[in-house]
Structure formats: C-alpha cells, structure tokens
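Thanks for coming, everyone. Let me put the structure up, and then we'll walk through it.

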Amino acid sequence: LLALHQKVLAPVLERLMAYQAGKPVRHGDETRWPMLGKETKNWTMWADCSEDAVVYMIQDGRSTEKGDLLFGNVNGVLMVDGYAVYPALAKKYPAIRIANCWAHVRQKILELEDTQPQVKTLLDLIGQLFHIDKDGPPEERLTRRQQRSRPVLTKIQEWILEAVALPETPLRGALQYISGRWTGLTRFVDDAAIPLDNNLAERCLCGPVIGRHNHYGSKSRQGTEVAAAAYSIIESAKL
C-alpha cells in the first residue's frame, strides 16, 4: 500500500493540486474524519473543489494553519461557508477573494421561520436571487445580476438594517452572520463566474462521507494520506 501511494497516488495528487491552483474559482469545505485507535479522535478532511476536479487533504485540526496547506495557493475566488478560517486566509493572502454562500444564509433564516414569521420577506428576497440567476442563458447572467440582482440586494440590506432583533437571539445572530459577510455575499454581482452557493463543495464531500460511514475513518497518518489521494482521484474522475 505504501509503495502504491508513493509511486502512483502521490504523483497524481500533486498534479491535481497544480491543476486546481490555476482555477479562477475554487470551492472550499471541510468535514470530520475519524482517526481510529485506542480512542477515536476526529481529524478534518478538507476539500478543494472546482467544476472538474477535487483535492482532499486530511489533517489533525481545523485551524487556519491546516487550511493554509490546501488553500494558501488560491489566486482568485474561494467560495465558502461562514467558517472563520477562510477570511483569516484571505487576510494573510491578498490574492484570495472570498465569496460566501447564499444557501447557508437561506438555511439559517429558514430555521427561524416558525418562530419569526417576519423573515418570510427575507426568504422571498433570497429566493429571487436564485430565480434571477436561472432566468435566462448563462452568457447573460452578468447583465441580469447587475440589472436585477443588485436592487434585490439593496432590499435585503434595508430589511436587515430595519429589522428589530433583541441581543443574544437567533434572529440577531443570523442578521449579524449576513452583515459580517456582506462583501463575500455580494461579490457575485460583478463576476458571472461566481456561483450563489457552495453546493458543489458539499456534493464533493458526499463520497468521502459515505465512505466514512462504511469504514469509519483511518488508523494512521499514512492511512489518511492514502485515503485523501484515492478519494481525490476517484471523485475527480467522477466529475
């Protein structure tokens, strides 16, 4: 297994990483990866995705230092959720431009709908962003975004500024989440290549997560390296 990894898997993984480095838009996400032994410890599988390739890396943590190993070479847009590691990387590397996921925002607001019925207006506005994006040919997406999505974003911002939310409440937390990521959430308006959501990265993690449920993780660092390389090759081939 070690020889297979050194002679076959590792060189292909290096080529995949070099291929990803040239992508103008990349998606990042992460999930737990069990390390089995006397005690089961949760390590982290990081995923670096594009439309036709994905690279995984399994590390013993979720810190900025660990994320740097995979995303430090981003030269363009990095589409992510709200995890704090990604803006920390963008602060360290000015070449990284963070784009944030509207699907995550929608989910946070959707969870409040039963107790805060006023958020339906906000949900409808977010839905309009997705509808506008699909309402016409891809080559006209930038025009639609600038002419139709930009006014919707203005309405969303006005709704947030006018909303009454008590401190330490879920609604206040959700609104602060949106406000704190507003630059990343609105970056798509000026770049047709930026998607509205990070669903691609979540789909890329489905295969490894199913594997994790079946074989429970890895038993050594070498095992994590083999798993990451094998999943990278297989899932890239599927893409």
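First, a term. A pocket, on a 1 Å grid over the protein atoms alone, is an open set of points where a 1.4 Å probe fits, with protein on both sides within 12 Å along at least five of seven lines; its lining residues have an atom within 4 Å of a point. Grid points are joined across faces, edges and corners, and a volume is the space filled by probe spheres set on the points.

Now the ground rules. This is a predicted model: local features need pLDDT of at least 70, side-chain atom pairs count only at pLDDT 80 or more, and totals for chains, interfaces and linings use all residues. Residues are numbered from 1 along each chain as its sequence is written, and side-chain values use heavy atoms, without hydrogens or water.

So, how much space lies in the largest pocket? About 410 Å³. Its lining has 20 residues; nearest the centre are His-27, Glu-51, Pro-195, Leu-196 and Asp-197. Elements giving two or more residues to that lining are β1 (25-35), α5, α6 and α9 (199-204). Helices and strands here are DSSP runs: H or I, at least four residues, for helices, and E, at least two, for strands, numbered from the N terminus.

Next, helix α4, residues 102-110. Its buried residues (under 20% relative accessible area, 1.4 Å probe, protein chains only) are Trp-102, Val-105 and Ile-109. They cover an arc of only 55° around the axis, so they sit on the same side of α4. That arc is taken from the directions from the helix axis to the C-beta atoms.

Last, the whole chain. It has 11 helices and five strands. Buried residues make up 47% of its 239 residues.

Key. Buried means under 20% relative accessible area, exposed over 50%, partly exposed in between (1.4 Å probe, protein chains only).
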